[in-house]
Amino acid sequence: MAGPAESVAATTPPEHRDVTPIDALPSALEAFEAIRARVDGLTPILCLDFDGTLSPIMDDPASAVLLDGIEPVLRRLVRLTPILVLSGRDADDVRARVGVGGILCAGSHGFDVLDTDGQHEPNAEASAYLPHLDALEARLRTETQDIAGVVIDRKRFGVAVHDRQVTDERDLERLWSLVSAAAEAFPMLRPLRGKRVTEFLPEIDWNKGRALLWLLGRAGYRADAALPICIGDDVTDEDALRAVREQGIGIVVGTGSRLTSASYAVRDPAEVLAFLTQLADFLDVRVLPAVDVP
Ligand SMILES: [Mg+2]
């Protein structure tokens, strides 16, 4: 996988710190008129996270499905504008859960991209890390086999350790000391802490934000004609929210005092549904500039 196309790299906004507590942000629903005004005349490119954004967070990540009502809105939207779902899950997994044709899916935080025909375009640099991921997975499975509730989720380019179902405090402490020791033993892998999950990824300069810019460049979007709208709930989405901060719209899903690079917030996947519905209603009635769905 090559780096971002030069035309896109040249427009990459400067790095920004995560600046605003979520609760201090305006609601994307209440501020929809302002968002609509920014979209007007441009091609919005929707970049959506899956878990906690399009799907309610589940105790068992294997049971996550689209929130009721989102699928028909995605079917409407994909006829109106390009959609990319960028998830920490495997690309095949997220594609199956989204289940709407024409949506571009990227997994493993952007390390693994599927085109709309379901063909893989894995990150070549990350492929060199597969033996380390295999060894880490084997070690963690062995060491945590007597800890009730731990879920080790192997993805193509990541190993995720979920503790959502570990209820015993001492087990939880032991689990995290094992995870810390594994992190020290595998310096070529980067532990990424999310909500009740730590995921080990190849330690290379790639994240959801880089993936988003690369995908936009690959699809040939001109920065002055496209408006990325990024929606995500987790710290792993902050790279993408930061990447669109200057030339797009970042919407964080959640509440609380966590700092975010987003410009707007919605409370939960139900409000994501409400936002996407308003956006579809708006795009439905306007005359779009010609777009090629990647
Ligand atoms: Mg998420």
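Q: What makes E9 and E10 count as paired strands in this model?
A: Two strands pair if DSSP finds at least two bridges between them, and E9 and E10 are joined in the antiparallel sense over six bridges, so by that definition they are paired. One place to look is Gly-194, which stands opposite Val-197 in E10. The model is predicted, so local features are given at a pLDDT of at least 70 and side-chain atom pairs at 80 or more, while totals for chains, interfaces and linings use all residues. Residues are numbered from 1 along each chain as its sequence is written.

Q: What is found between the strands in the hairpin of E9 and E10?
A: Two residues lie between the strands of this hairpin, in which Arg-196 takes a positive phi near 55°.

Q: Why are E7 and E9 said to stand at the edges of their sheet?
A: The open sheet has four strands in the order E7-E8-E10-E9, with antiparallel pairing. Strand E7 (151-155) and strand E9 (189-194) each have a single partner strand, so one side of each is left without a neighbour in the sheet. Neighbouring strands here are turned by 20° against each other on average, direction ignored; such angles are taken between N-to-C directions, from 0 to 180 degrees, with axes as lines fitted to C-alpha atoms, for helices over the stretch in contact.

Q: What shows that E8 has partners in this sheet?
A: Five bridges join E7 to strand E8 (residues 158-162) in the antiparallel sense, and four bridges join E8 to E10, again antiparallel. Residue by residue, Asp-153 has Ala-160 in E8 as its bridge partner, and Val-159 stands opposite Phe-200 in E10.

Q: Which helix lies across E7, E8, E9 and E10?
A: Helix H6 (residues 130-143) lies across these strands, E10 being residues 197-202, and runs at about 25° to E8. Helices (H or I, at least four residues) and strands (E, at least two) are DSSP runs, numbered from the N terminus.

Q: What is the strand order of the eight-stranded sheet, and what makes E6 and E14 its edges?
A: This open sheet has the order E6-E5-E4-E3-E2-E11-E12-E14, with mixed pairing. The twist averages 20° from one strand to the next. Within this sheet, E3 and strand E4 (residues 104-107) pair in the parallel sense over three bridges, and Val-85 stands opposite Cys-105 in E4.

Q: Why is Ser-108 called buried?
A: A residue is buried if 20 or more other C-beta atoms lie within 10 Å of its own, exposed if 12 or fewer, and partly exposed in between, with C-beta atoms placed from the backbone. Ser-108 has 28 C-beta neighbours inside 10 Å, so it counts as buried. Ser-108 sits in the loop between E4 and strand E5 (112-114), and its phi is near 45°, a positive value in a residue other than glycine.

Q: Why are the buried residues of helix H3 said to line one face?
A: The buried residues of H3 (residues 70-78) are Ile-70, Val-73, Leu-74, Leu-77 and Val-78. Seen down the axis of H3, they fall within an arc of 130°, so they line one face of the helix; the arc is that of the directions from the helix axis to the C-beta atoms. These residues pack against strand E2 (43-48), strand E3 (83-86) and helix H10 (269-285).

Q: What makes the chain as compact as a globular protein of its length?
A: The chain has ten helices and 14 strands. Its radius of gyration, 19 Å, is close to the 19 Å that the globule rule gives for 294 residues, so the chain is as compact as a globular protein of that length; the radius is taken over C-alpha atoms, and the rule is 2.2 Å times the number of residues to the power 0.38. Of the 294 residues, 44% count as buried.

Q: Where in the chain is confidence lowest, and where is it highest?
A: Helix H1 (residues 6-9) is lowest, at a mean of 36, and strand E14 (residues 264-266) is highest, at 98, where pLDDT is the predictor's confidence in each residue, from 0 to 100. Over residues 1-16 the pLDDT is below 50. The chain averages 87, and 90% of the residues score at least 70.

Definitions and conventions. Contact = placed C-beta atoms within 7 Å.
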